[in-house]
Amino acid sequence: MEEKMLARIAAGELRHIAFIMDGNGRWAKARGLSRGEGHRKGAQVFEDIAEYCGNIGIRHVTVYAFSTENWKRPPAEIKALMRLFSHYLDTAAQRLAEKKLRVIFLGDRGVFSKSVRKRMEALEEKSAVYDRILNIAFNYGGRAEIVHACQAALAAGEEISEATLGAHLYTRLSPDPDLIVRTAGEMRLSNFLLWQAAYAEFYATDTLWPDMTPADVDKACAAYFSRKRNFGALPGE
Ligand code: IPE
Ligand code: IPE
Ligand code: MG
């Protein structure tokens, strides 16, 4: 990555990048592999990309790994995805420590077994000493998150406001994403970070997630830095 962009990241102009990791199935199909194989490759790539984002100074990375709607997929694919998730929970602690990343899982954990939930918590606790955040959205839906945040605010006896609701979102430890990147050519959010995406810049690439490289991240960042963000105001100089 160019020095100029690194300097702008260091200055806090790009604090949070979020990825909609799409295209694992198409990647596998093109190679005559099973969809599960595509997810396996996608899971490896996500660790490399998260590490790269940390290396270039981005302090918050979010990845969309499994949506509340992905339960509609065939049982065999869901099984493959859950197995990959379980494997990640069992093996990620050391890699997170090496990369100095703090993992936080976004989404409804209630559907998972007690053992899975415990391992999710253990990984979060163990990595909580690091300040670069890796949010992994798993069984995550933007609408469900907003409903959950409203319920939590009401249960705490709070009035509903942007501030109280924001404080109960799964992403409460991260600022809103500055940049949302979607791979595999689709032009939609698919229920991802609906609240937080209000003023995010959007970048789509035809690259399938398993083909994603640091050079593609650089391209997305270059596009981001070429944009003018107004947040509703008139463009300043
Ligand atoms: C993204 O890849 C991963 C998940 C949604 C779990 P897909 O599985 O959606 O891949 P395509 O879109 O079928 O290529
Ligand atoms: C979005 O991808 C969800 C994740 C990347 C986890 P999908 O492949 O599920 O999205 P749609 O169904 O094409 O909108
Ligand atoms: Mg898809």
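Let me begin with strand β2 (residues 60–67), which is largely enclosed by the rest of the structure because 7 of its 8 residues are buried, that is, under 20% relative accessible area with a 1.4 Å probe and protein chains only. Please note that this is a predicted model, in which local features need pLDDT of at least 70, side-chain atom pairs count only at pLDDT 80 or more, and totals for chains, interfaces and linings use all residues. Residues are numbered from 1 along each chain as its sequence is written, chains are lettered from A and ligands numbered from 1 in the order written, and side-chain values use heavy atoms, without hydrogens and water.

I turn now to the helices. Helix α1 (residues 3–10) packs against helix α8 (residues 214–225) at an angle of about 70°, the axes lying 11 Å apart. The two are therefore roughly perpendicular, a term covering angles of 65 to 115 degrees. From α1, M5, R8 and I9 meet D218, C221, A222 and F225 of α8, where contact means heavy atoms within 4.5 Å. The residues of this contact comprise 5 nonpolar, no polar and 2 charged; Ala, Val, Leu, Ile, Met, Phe, Trp, Tyr, Cys and Pro count as nonpolar, Asp, Glu, Lys and Arg as charged, and the others, Gly among them, as polar.

How values were computed
Axes fitted to C-alpha atoms, helices over the stretch in contact; angles between N-to-C directions. Helix = DSSP H or I, 4+ residues; strand = E, 2+ residues; numbered from the N terminus. Parallel < 35°, antiparallel > 145°, perpendicular 65-115°, else oblique. Buried < 20%, exposed > 50% of the residue type's maximum accessible area, 1.4 Å probe, protein only.
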